[in-house]
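Hi everyone, thanks for making time.

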Amino acid sequence: MKRIPFLDSHTGGEPTRLITSLPFDLGTGSVADKLSTLKKNHDDLRRTVLLEPRGSDVLVGAYLVPPADPTCQFGVIYFNNVGYLGMCGHGTIGLIASLAYLGKVQPGVIRVETPVGVVEATLHKNEAGEYPNKVSVQNIPAYRHLTHVPVTVDGKTIHGDVAWGGNWFFLCHDHGLEVNMQNLEALTEFSWRVREQFTANGITGANGAEVDHVELFASTPEADSKSFVLCPGKAYDRSPCGTGTSAKLACLYEDGKLQEGQIWKQQSVVGSIFEGSIQIQDNRIIPTITGEAWVMSEGTILVDERDPFGSGI
Ligand code: PYC
């Protein structure tokens with residue numbers, strides 16, 4: 001029997017399953033190098049940790065790995081039901097709150113190496129509760145790559161910006177759909193159809209990168225904006241999506257609708273809120289996202305060598 005300890009948290013409703021110790025060595029290279037090795041040699045662990053019958057499409061996983069950058073305390077690789085993420089905002093808030101719960105970090109600044117660069121998390125002091133759970137994440141630089149790109153689905157043409165926030169996003173406002181929990185099926189199907197058009201029409205991120213997240217925005221009296229975010233494996237993000245909010249902040253800044261230091265409240269389709277702001281450093285847009293995470297369960301994944309579905313379905 002193989003045993004893999006895990007700790008589950010959620011950030012604004014979106015889960016993160018943290019694996020703090022891997023059952024194999026990934027060498028001494030950068031976290032991006034470690035990700036290449038994982039993809040090549042150990043993808044079965046991703047499937048084992050996240051897929052049914054043990055997991056579900058909604059889960060995002062996080063492997064804690066040693067950083068190569070000496071200024072970082074931790075390295076992390078995020079993954080989902082279909083592959084790996086560059087960065088993950090809700091996941092980093094969940095990671096830091098989980099490490100606080102485990103007694104591995106104290107309030108203050110914690111630098112984390114990801115496959116797409118170093119992010120700086122600040123764990124805030126909490127007055128109440130067993131462990132501090134409010135985290136701000138200063139992300140890698142975000143930017144808009146394409147503006148007002150037309151996409152036609154079922155004869156209806158909508159438009160979106162393609163922007164980077166640690167993953168690639170298509171950000172759309174003129175979809176005409178209600179963004180609420182009663183409309184999840186329509187939001188999911190429409191976003192999926194939109195995404196299918198990217199390949200057909202050669203819509204990519206920089207250097208031909210796949211645009212694998214779709215964000216549909218709407219207005220709300222409870223925040224500056226509300227969004228539905230479809231992730232690469234067809235699950236929707238229960239949180240407002242940290243990398244998606246970073247991409248949104250970059251577009252707002254480029255449009256002259258957000259100033260440096262101004263707080264932007266982004267609400268998810270389930271009602272949770274992240275606060276975001278940007279700083280300009282060396283002409284680059286640096287987003288910071290703040291949210292809270294809660295630990296939910298801890299345990300041990302058991303993999304019985306006889307189990308035909310031990311590595312997921
Ligand atoms: O919070 O960045 C995020 C994220 C990406 C995919 C799911 N959540």
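On the wording: buried is under 20% relative accessible area, exposed is over 50%, and partly exposed is in between, using a 1.4 Å probe and protein chains only.

Quick housekeeping before I go on. This is a predicted model, where local features need pLDDT of at least 70, side-chain atom pairs count only at pLDDT 80 or more, and totals for chains, interfaces and linings use all residues. Residues are numbered from 1 along each chain as its sequence is written, and side-chain values use heavy atoms, with hydrogens and water left out.

Okay, the overall layout. The protein splits into domain 1, made of 2–139 + 295–303, and domain 2, which is 143–288; those bounds come from an automatic or database domain assignment. Between the C-alpha centres of the two domains there are 23 Å. Domain 1 puts 21 residues into the contact and domain 2 puts in 23 residues, where contact means heavy atoms within 4.5 Å. About 1400 Å² is buried between them, with carbon and sulfur atoms giving 57% of that. Buried area here is the accessible area, with a 1.4 Å probe, that two parts lose on being put together, summed over both. On the domain 1 side, Glu 14, Gln 138 and Asn 139 lose the most area to domain 2, together 32% of what that side buries.

Gln 138 turns up again in the strands. Helices (H or I, at least four residues) and strands (E, at least two) are DSSP runs, numbered from the N terminus. Strand S7, residues 117–123, pairs with strand S8, residues 134–138, in the antiparallel sense over four bridges. For two strands to pair, DSSP has to find at least two bridges between them. Opposite Gln 138 of S8 you'll find Glu 120. S8 also runs antiparallel to strand S16, residues 284–303, joined by five bridges, and there Val 135 stands opposite Gly 291.

Now helix H2, residues 43–50. Leu 45, Arg 46, Thr 48, Val 49 and Leu 50 are buried in that helix. What covers them includes strand S1 (2–11), strand S2 (14–19) and S16, among others. In the loop between H2 and S3 sits Pro 53, and the peptide bond from Glu 52 to Pro 53 is cis, with omega near 5°.

Why point that out? Because most peptide bonds are trans, and most residues other than glycine have a negative phi. Asn 207 belongs to the loop between helix H4 (184–200) and strand S12 (213–218) and is exposed, with a relative accessible area of 84%.

On to the rings. How many aromatic pairs does the structure hold? Seven. Rings of Phe, Tyr and Trp (its six-membered ring) pair if their centres lie within 6.5 Å; planes under 30 degrees apart count as stacked, over 60 as edge-to-face and the rest as tilted. Tyr 143, our opening residue, pairs with Trp 168: the centres are 5.7 Å apart and the planes are at 90°, so this one is edge-to-face. Tyr 143 is in strand S9 (residues 143–153) and Trp 168 in strand S11 (residues 168–172), so the pair ties together parts that are 25 residues apart in sequence. Trp 168 is buried, at 8%. Phe 228 and Tyr 236 give a stacked pair, 5.8 Å centre to centre with 25° between the planes. Phe 228 is buried at 0% relative accessibility, and Tyr 236 is buried at 11%. Ring pairs also link Tyr 63, Phe 79 and Tyr 84 into a cluster.

Last thing, charges over rings, which need NZ of Lys or CZ of Arg within 6 Å of the ring centre and within 35 degrees of the ring normal. Arg 17 lies over the face of Phe 6, 4.7 Å from the ring centre. The charged end of Lys 248 is over the ring of Phe 217, at 4.2 Å from its centre. That's my tour, thanks!
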